[in-house]
Amino acid sequence: MELRQLQYFVAVVEEANFTRAAARLHLAQPGVSAQIRQLERELGQPLLDRSGGRVTPTEAGEAVLPYARAALAAAEGVRQTVDEFTGLLRGRVALGMVSGAAADGFDVASLLADFHDTHPGVEMALTEDNSERMLAALRGGELDIALIGLADEPPPGISAQIVLDVPLVAAVAPDDPLVAPPGRTELPPAALRDRPLISLPRGTGLRAVLERLCAAAGFRPRIAFEAASPHLLAQLAARGLGVAVVPDLPADAARAYGLRTLPLTGRPRPRGRIALVWRTEGPAGPAARALLDRLRTALPERAGRHGHGARQ
């Protein structure tokens with residue numbers, strides 16, 4: 001049994017595909033397949049089920065997986081211990097981010113570029129996904145750090161630093177009946193009953209807040225349009241196709257879209273929050289820990305700041 005065989009096995013499980021795993025490892029796919037078959041012959045059990053559209057671990061593979069990851073982590077620890085004597089930081093960091101977070105002033109590209117300039121030996125991977133799946137990936141070890149939309153307190157085992165916290169608003173076309181009578185400055189959630197709503201997909205923090213808000217008011221939201229792009233949500237609302245529930249927009253952004261916004265009431269008032277999250281025990285590798293420290297310093301809490309755009 002060789003360490004590289006365990007590395008290939010873990011990569012295939014995480015990618016659920018031989019071709020993607022080979023690309024991640026910068027290797028030819030036949031070589032990855034051959035090494036895993038050799039590992040299976042040595043162990044006397046198939047570790048992967050190749051019969052479906054996705055490659056999945058067999059029962060034996062599921063049992064082997066945590067030991068394979070532990071062996072790789074131990075080997076990486078040996079390398080990192082030696083690197084500490086030379087001041088070199090290397091390894092791999094997996095970062096997740098909600099779509100559109102950059103629109104809220106999170107200049108992740110510059111942060112990662114600066115970190116790479118300081119630590120060129122660190123390999124970094126950035127993934128965009130919804131908050132629910134990223135939390136699962138964080139707990140499972142596929143991600144080290146993530147920027148997510150947070151509807152509740154973080155689950156056990158996850159620590160969080162809130163970096164954006166703004167009220168939720170109903171965004172509508174200027175002639176929508178919701179903005180009458182003149183002078184209305186806020187909107188009770190009950191006013192959304194039977195109205196077509198425009199929302200981010202399930203699995204996002206804002207969708208969870210919206211569903212909870214409507215449930216507290218005694219009705220289920222009627223979602224007319226779902227979109228992953230907050231820009232598209234605003235466009236749909238501006239054309240009168242429904243009520244978009246989004247984080248508060250700066251006045252100039254609302255005018256640019258042709259929207260009127262009304263803060264939603266509630267106890268507590270509903271809010272859209274983006275949080276930097278990580279496993280409470282900390283990322284496994286020193287490279288990930290160093291990047292987390294950099295992000296926690298560069299993304300201080302900005303409660304109450306106006307923001308728009310993130311798929312939370």
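**Salt bridges and pockets in the predicted model**

In this predicted model, R279 is buried, its relative accessible area being 11%. Burial here requires a value under 20%. R279 takes part in a salt bridge with E281, in which the closest N and O atoms lie 3.9 Å apart. E281, by contrast, is exposed, with a relative accessible area of 64%.

R279 also meets D144 through a side-chain salt bridge, with an N to O distance of 3.9 Å. D144 belongs to the loop between α6 (131-140) and β5 (145-149), whereas R279 belongs to strand β11 (residues 271-279), so the pair ties together parts that are 135 residues apart in sequence. D144 and R279 are both buried.

Over the whole structure, the search returned 18 salt bridges. Side chains of opposite charge can pair when their charged atoms come close. A further case is the salt bridge between the side chains of R24 and E15, at 3.2 Å from N to O. R24 has a relative accessible area of 23% and is partly exposed; E15, at 22% relative accessibility, is likewise classed as partly exposed. R24 and E15 belong to a network of salt bridges that links E14, E15, R20, R24, R69 and E142.

The largest pocket holds about 1200 Å³ of space. Its lining comprises 35 residues, and those nearest the centre of the pocket are R24, L72, A73, E76 and R92. Two or more lining residues come from each of α1 (3-15), α2 (18-25), α4 (59-86), β3 (91-97), α6 and α10 (286-298). The greatest contribution to this lining is that of α4, which gives eight residues. By class, the lining of the largest pocket consists of 14 charged, eleven nonpolar and ten polar residues.

At least two lining residues of the second largest pocket are supplied by each of α1, α2, β3, β4 (122-128) and α6. This lining divides into nine charged, eight nonpolar and one polar residue.

Definitions and conventions: Residues numbered from 1 in each chain as written. Predicted model: local features only at pLDDT ≥ 70, side-chain atom pairs only at ≥ 80, totals over all residues. Heavy atoms only, no water. Salt bridge = Lys/Arg side-chain N within 4 Å of Asp/Glu carboxyl O. Buried < 20%, exposed > 50% of the residue type's maximum accessible area, 1.4 Å probe, protein only. Helix = DSSP H or I, 4+ residues; strand = E, 2+ residues; numbered from the N terminus. 1 Å grid on protein atoms, 1.4 Å probe; cavity = no way out; pocket = protein on both sides within 12 Å on 5 of 7 lines; lining within 4 Å. Points joined across faces, edges and corners; volume = space filled by probe spheres on them. Nonpolar A, V, L, I, M, F, W, Y, C, P; charged D, E, K, R; others polar.
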